[in-house]
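Biologist: I am new to this structure. Please show me how to read its features.

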Amino acid sequence: MDNRTTSEDKPVQRSKSFSFKTPKELCQSCEKTVYPMERLVANNQIFHATCFCCKHCNTKLSLGSYAALAGEFYCKPHFQQLFKAKGNYDEGFGRKQHKELWQSKDAESITKTA
């Protein structure tokens with residue numbers, strides 16, 4: 001006779017530590033929970049597919065139709081337009097130009113040596 005127990009003799013015990021819960025991910029734009037079916041990741045930031053929009057014109061973006069600069073997302077036409085309008089990334093997107101920062105550092109070093 002076989003001494004092994006069959007599955008009918010012993011009830012199956014389920015582990016209570018196992019669960020399908022995943023940590024909640026929040027959309028960078030609306031700060032609401034993002035569920036897996038609506039999840040979109042761009043530049044290591046998580047968005048709802050509907051919240052991933054151009055900062056300038058608010059057009060819905062896709063992973064193939066966006067350009068990012070300093071954590072801001074733009075559609076490719078507006079990214080090019082803003083860049084070409086001022087001729088550099090910093091001034092075109094409302095930040096101080098690097099050459100201004102360099103000039104202030106040069107002025108500081110001249111005053112320190114004098």
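Biologist: Let me start with one side chain. Is Phe73 buried or exposed?

Modeller: Buried means under 20% relative accessible area, exposed over 50%, and partly exposed in between, with a 1.4 Å probe and protein chains only. Phe73 has a relative accessible area of 6%, so Phe73 is buried. A word on the source: this is a predicted model, where local features need pLDDT of at least 70, side-chain atom pairs count only at pLDDT 80 or more, and totals for chains, interfaces and linings use all residues. Residues are numbered from 1 along each chain as its sequence is written, and side-chain values use heavy atoms, with hydrogens and water left out.

Biologist: Which helices and strands does the protein chain have, and in what pattern?

Modeller: Helices (H or I, at least four residues) and strands (E, at least two) are DSSP runs, numbered from the N terminus. The protein chain has six strands and three helices. Along the sequence the pattern reads β-β-β-β-β-β-α-α-α.

Biologist: What share of the protein chain counts as buried?

Modeller: The figure is 20% of its 114 residues. The accessible surface, from the Shrake-Rupley method with a 1.4 Å probe, is about 9700 Å² for the protein chain. Carbon and sulfur atoms hold 52% of that surface.

Biologist: How do I read a pair of aromatic rings?

Modeller: Two values describe the pair: the distance of the centres and the angle of the planes. Rings of Phe, Tyr and Trp (its six-membered ring) pair if their centres lie within 6.5 Å; planes under 30 degrees apart count as stacked, over 60 as edge-to-face and the rest as tilted. By this rule there are six aromatic pairs. In one of them, the ring centres of Phe47 and Phe52 lie 5.1 Å apart with planes at 45°, so this pair is tilted. Phe47 is buried at 6% relative accessible area, and Phe52 is buried at 1%. Phe47 also pairs with Phe73, edge-to-face, at 5.3 Å centre to centre and 85° between the planes. That pair links distant parts of the chain: Phe47 sits in strand E4 and Phe73 in strand E6 (residues 72-75), 26 residues apart.

Biologist: Which residues do ring pairs link into a cluster?

Modeller: The cluster holds Phe47, Phe52, Tyr66 and Phe73.

Biologist: What does a nonpolar core look like here?

Modeller: In soluble globular proteins, nonpolar side chains tend to be buried together. A nonpolar core is a set of buried Ala, Val, Leu, Ile, Met, Phe, Trp, Tyr and Cys residues joined through side-chain atoms within 4.5 Å. The largest one here has 17 residues. Those with the most contacts inside this core are Ala42, Phe47, Phe52, Leu61, Tyr66 and Phe73. E3, E4, E5, E6 and H1 each give two or more residues to this core.

Biologist: Which residues does Leu61 contact, leaving aside neighbours within four places in sequence?

Modeller: Contact means heavy atoms within 4.5 Å. Leu61 is in contact with Phe52, Cys53, Cys54, Tyr66, Phe73, Tyr74 and Cys75.

Biologist: Where is His78 found, and what does His78 touch?

Modeller: His78 is in helix H1 (residues 76-86). Not counting residues up to four places away in sequence, His78 touches Cys54, His56 and Cys57. His78 is buried, at 19% relative accessible area.

Biologist: How should I read a positive phi?

Modeller: Most residues other than glycine have a negative phi. Asn44 has a positive phi of about 60°. Asn44 lies in the loop between strand E3 (39-42) and strand E4 (45-48) and is exposed at 76%. Asn58 has a positive phi of about 65°. Asn58 lies in the loop between E4 and strand E5 (66-69) and is exposed at 57%.
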